[in-house]
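Subject: Structure for you to look at

Hello,

Here is the structure we talked about handing over. Please open it first, then read the notes below it.

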Amino acid sequence: MRDPRTRRAQKQLLFMVVDGSASMLDDGFLGASRAAGIVMNRLQAVINGEAELYLRFFDGALREQEFHADSPASARELMRIISDPTQYLGDWTEFAGTLKAAGQRAEEILKARGLRDPEIVLVTDGEAYVPSLSVLGGKRLLVFQVGEEENIALSKLARRSGGVGVYVGLQDGEVTETN
C-alpha cells in the first residue's frame, strides 16, 4: 500500500510468536514442522517486498531473542532458525503475557520502522489459558494451531480481534477455520 503523503510503498508488520515449548516436538516433530511451514508461508510477503517479519519464540513468556526478516536473504536465514529443534525445548505455554508483550513490541516497531497494518501471528499447539481481548491492545491476531485438539477459545479470541483462527489437526492434516 502506498502512503499518499510520501508516495512510497509501506510494508506490513508481521509479528510472529511461535510456541517453543517441548510439546511442539511431540509426534515426531510434527508441530514444529507445521510451525515452520506456517512461517514459510508468511515469509512469502517478505520475499515479495510487501512485509517485514519479526519473530520471537515463547513458552512461559515471550523470549528475549528476536529475529527479523526484511529481504529474501534474511527470510532464508529465518527458515533455518525456525527449523532448528533446539528452539522447541521450553517448558509450559502461557498466552496472556506473551500476547501483551508481543503487542507492545509491535507498537515499538511500528513507531521506529514506519510499517503499517500490524498483525500478531501466533503459532501454537494451543495448550494454555486464553486471555481477554484487551491484552492485544487493538492489534489483529491470527492464530494457527498445530496441536492434537483445537483450543476453541483461542480461535474465538482471534476472530474477535478481527483476525482468524486456523486449526491444523495433527492426525490427518485436517485444516479448519473457526467462525
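**Helix α1**

Phe29 sits in helix α1, where helices (H or I, at least four residues) and strands (E, at least two) are DSSP runs numbered from the N terminus. This is a predicted model, in which local features need pLDDT of at least 70 and side-chain atom pairs count only at pLDDT 80 or more, while totals for chains, interfaces and linings use all residues. Residues are numbered from 1 along each chain as its sequence is written, and side-chain values use heavy atoms, with hydrogens and water left out.

Most residues other than glycine have a negative phi. Phe29 has a positive phi, near 70 degrees, and is not a glycine. Its relative accessibility is 42%, so Phe29 counts as partly exposed; buried means under 20% relative accessible area, exposed over 50%, and partly exposed in between (1.4 Å probe, protein chains only). Asp27 is also a residue other than glycine with a positive phi, of about 55 degrees. Asp27 belongs to helix α1, which covers residues 26-47, and is partly exposed with a relative accessible area of 44%.

**A negative patch**

Asp27 turns up again in a negative surface patch, together with Asp26, Glu127, Glu148 and Glu149. Patches are made of residues with over 30% relative accessible area and no salt bridge: like charges are joined within 9 Å, and nonpolar side chains (Val, Leu, Ile, Met, Phe, Trp, Tyr) within 5 Å. Accessible areas come from the Shrake-Rupley method with a 1.4 Å probe, and for residues only the protein chains shown count as cover. Asp and Glu count as negative and Lys and Arg as positive, while His and the chain ends are not counted. The place of a charge is taken as NZ of Lys, CZ of Arg, CG of Asp or CD of Glu.

Where in the chain is Glu149 found? Glu149 is in the loop between β7 (140-145) and α4 (152-160). With a relative accessible area of 65%, Glu149 is exposed.

**Salt bridges**

Side chains of opposite charge can pair when their charged atoms come close. A salt bridge here is a side-chain nitrogen of Lys or Arg within 4 Å of a carboxyl oxygen of Asp or Glu. By this rule there are 11 salt bridges.

In one of them, Arg140 pairs with Glu119, with 2.0 Å between the closest N and O atoms. Arg140 is in strand β7 and Glu119 in strand β6, so this bridge ties together parts that are 21 residues apart in sequence. Arg140 is partly exposed at 34% relative accessibility, whereas Glu119 is buried at 6%.

Another bridge joins Lys139 and Glu107, whose closest N and O atoms are 2.7 Å apart. This pair links distant parts of the chain: Lys139 is in the loop between β6 (116-124) and β7, and Glu107 is in helix α3, 32 residues apart. Which of the two is buried and which is partly exposed? Lys139 is buried, with a relative accessible area of 9%, and Glu107 is partly exposed, with 30%.

Helix α3 also holds both Glu108 and Arg105, three residues apart, about one turn of the helix. Glu108 and Arg105 form a salt bridge, with the closest N and O atoms 3.1 Å apart. Glu108 is partly exposed at 47% relative accessibility, and Arg105 is partly exposed at 22%. A network of salt bridges links Arg105 and Glu108 with Arg56 and Glu66.

**Aromatic pairs**

A pair of aromatic rings is described by the distance of the centres and the angle of the planes. Rings of Phe, Tyr and Trp (its six-membered ring) pair if their centres lie within 6.5 Å; planes under 30 degrees apart count as stacked, over 60 as edge-to-face and the rest as tilted.

How many aromatic pairs does a search of the whole structure find? The search finds three. Phe57 and Phe67 have ring centres 6.3 Å apart and planes at 85 degrees, so they are edge-to-face. This pair links distant parts of the chain, with Phe57 in strand β4 (residues 51-58) and Phe67 in strand β5 (residues 67-69), 10 residues apart. Phe57 counts as buried at 2% relative accessibility, and Phe67 counts as buried at 11%.

Phe58 and Phe95 form a tilted pair, 6.2 Å centre to centre with 55 degrees between the planes. Phe58 is in strand β4 and Phe95 in the loop between α2 (72-82) and α3 (96-113), 37 residues apart. Both Phe58 and Phe95 are buried. Ring pairs also link Phe57, Phe67 and Tyr88 into a cluster.

Regards
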